[in-house]
Amino acid sequence: MTSAPEHRTARTAATGRPPVVDASTWQAARDELLVREKAHTRAGDALAADRRRLPMVEVDGGAEVVGPDGPVPLLDLFAGRDELVVYRHMWHDGAPHQGQCEGCTVSAWGVEDAAVYLHAAGVSLAVVTTGPWDEVAPFVAFMGYAQPWYSVRETPAPLGEEMGSFACFLRDGDRAFLTYTVTGRGVEVANPVFALLDMTPYGRREAWQDVPDGWPQGHEACWYWRTDADGRAGWGEDTRPTPQWTRPGATPVETLGRHGHHH
């Protein structure tokens with residue numbers, strides 16, 4: 001967790017440009033990069049194969065989480081399927097909707113439409129958070145999430161630990177097993193915006209990127225995860241996590257009550 005960056009604008013003038021070449025020169029450079037991209041894809045496939053071969057650890061399938069119907073066991077989150085992906089969402093107690101974790105909002109928003117494909121592949125999806133259910137329920141309603149959410153405030157590890165992460169589980173009858181977890185930049189798989197920005201000339205416009213001299217520089221990581229009502233990136237009192245502006249009733253006037261942190 002780090003301090004929230006100061007206000008920035010997405011409309012900073014760009015000073016650098018890729019060199020201008022003819023079409024055949026561009027195609028040759030593109031073909032050369034494609035060789036490396038394919039190698040990167042194959043390396044990712046090899047990692048996924050190793051991931052499938054990880055051992056697993058048994059967890060308590062009866063461990064209770066709290067949802068709209070009250071306490072239910074972990075096994076219920078599988079919804080009759082054999083596999084389960086859980087996103088573990090950070091929570092700021094007592095904060096209004098616009099004061100909840102920006103990074104987790106980005107991730108949870110990104111996986112919302114993925115559930116239909118996961119279900120088709122025999123995998124259930126759920127979101128858990130350490131927030132008390134009486135706070136979580138109105139947030140879920142405000143965001144319009146269709147996927148199941150649960151409070152794990154009193155739930156032991158692995159569900160009730162390391163928020164801002166994914167955890168994968170396998171079910172064997174009435175037994176449940178943890179097979180994989182990932183956090184940090186590993187949760188970028190939840191939202192295609194990162195990969196799309198990485199395809200653009202200026203990328204994410206974040207200071208850590210390796211860019212040529214003259215390219216736009218200087219934004220903090222995550223600088224576009226909050227915006228104001230006009231879509232300007234920033235972290236002022238009139239901003240919300242960016243996806244929230246799509247929700248009915250989202251206004252900049254609600255008392256923010258943020259904790260001065262982002263994921």
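Residues are numbered from 1 along each chain as its sequence is written. Because the model is predicted, local features need pLDDT of at least 70 and side-chain atom pairs count only at pLDDT 80 or more, while totals for chains, interfaces and linings use all residues; side-chain values use heavy atoms, with hydrogens and water left out.

**Stop 1: the largest pocket.** Select Leu33, Glu37, Asp198, Met199 and Thr200, the closest to the centre of the largest pocket among its 27 lining residues. The volume here is about 1,300 Å³. A pocket is an open set of points on a 1 Å grid over the protein atoms alone, where a 1.4 Å probe fits, with protein on both sides within 12 Å along at least five of seven lines; lining residues have an atom within 4 Å of a point. The volume is the space filled by probe spheres set on the points, which are joined across faces, edges and corners.

Now colour helix 1 (23–52) and helix 5 (193–198), the elements that give two or more residues to this lining. Helix 1 supplies the largest share, 9 residues. Helices (H or I, at least four residues) and strands (E, at least two) are DSSP runs, numbered from the N terminus. By class, the lining has 14 nonpolar, 6 polar and 7 charged residues. Ala, Val, Leu, Ile, Met, Phe, Trp, Tyr, Cys and Pro count as nonpolar, Asp, Glu, Lys and Arg as charged, and the others, Gly among them, as polar.

**Stop 2: the second largest pocket.** This one holds about 900 Å³. Select Arg51, Val85, Cys168, Tyr180 and Val189, the closest to its centre of 28 lining residues. Helix 1 again gives the most, with 7 residues. The lining divides into 21 nonpolar, 4 polar and 3 charged residues.

**Stop 3: strands 8 and 9.** Stay on Cys168, whose bridge partner in strand 9 is Tyr180. Strands 8 and 9 run antiparallel, joined by 8 bridges (two strands pair if DSSP finds at least two bridges between them). They form a hairpin with 2 residues between them, and Gly173 in the turn has a positive phi of about 65°. Strand 9 is also joined to strand 2 (residues 57–59), antiparallel, by 3 bridges; select Val59 to find Ala176 opposite.

**Stop 4: the cysteines.** How many disulfides does the structure hold? There are 0, a disulfide being a pair of cysteine sulfur atoms within 2.5 Å. Select Cys101: the nearest cysteine sulfur, that of Cys104, is 3.7 Å away. Cys101 counts as buried because its relative accessibility is 1% (buried means under 20% relative accessible area, with a 1.4 Å probe and protein chains only). For Cys168, the nearest cysteine sulfur is that of Cys104, 16 Å away.

Methods: Buried < 20%, exposed > 50% of the residue type's maximum accessible area, 1.4 Å probe, protein only.
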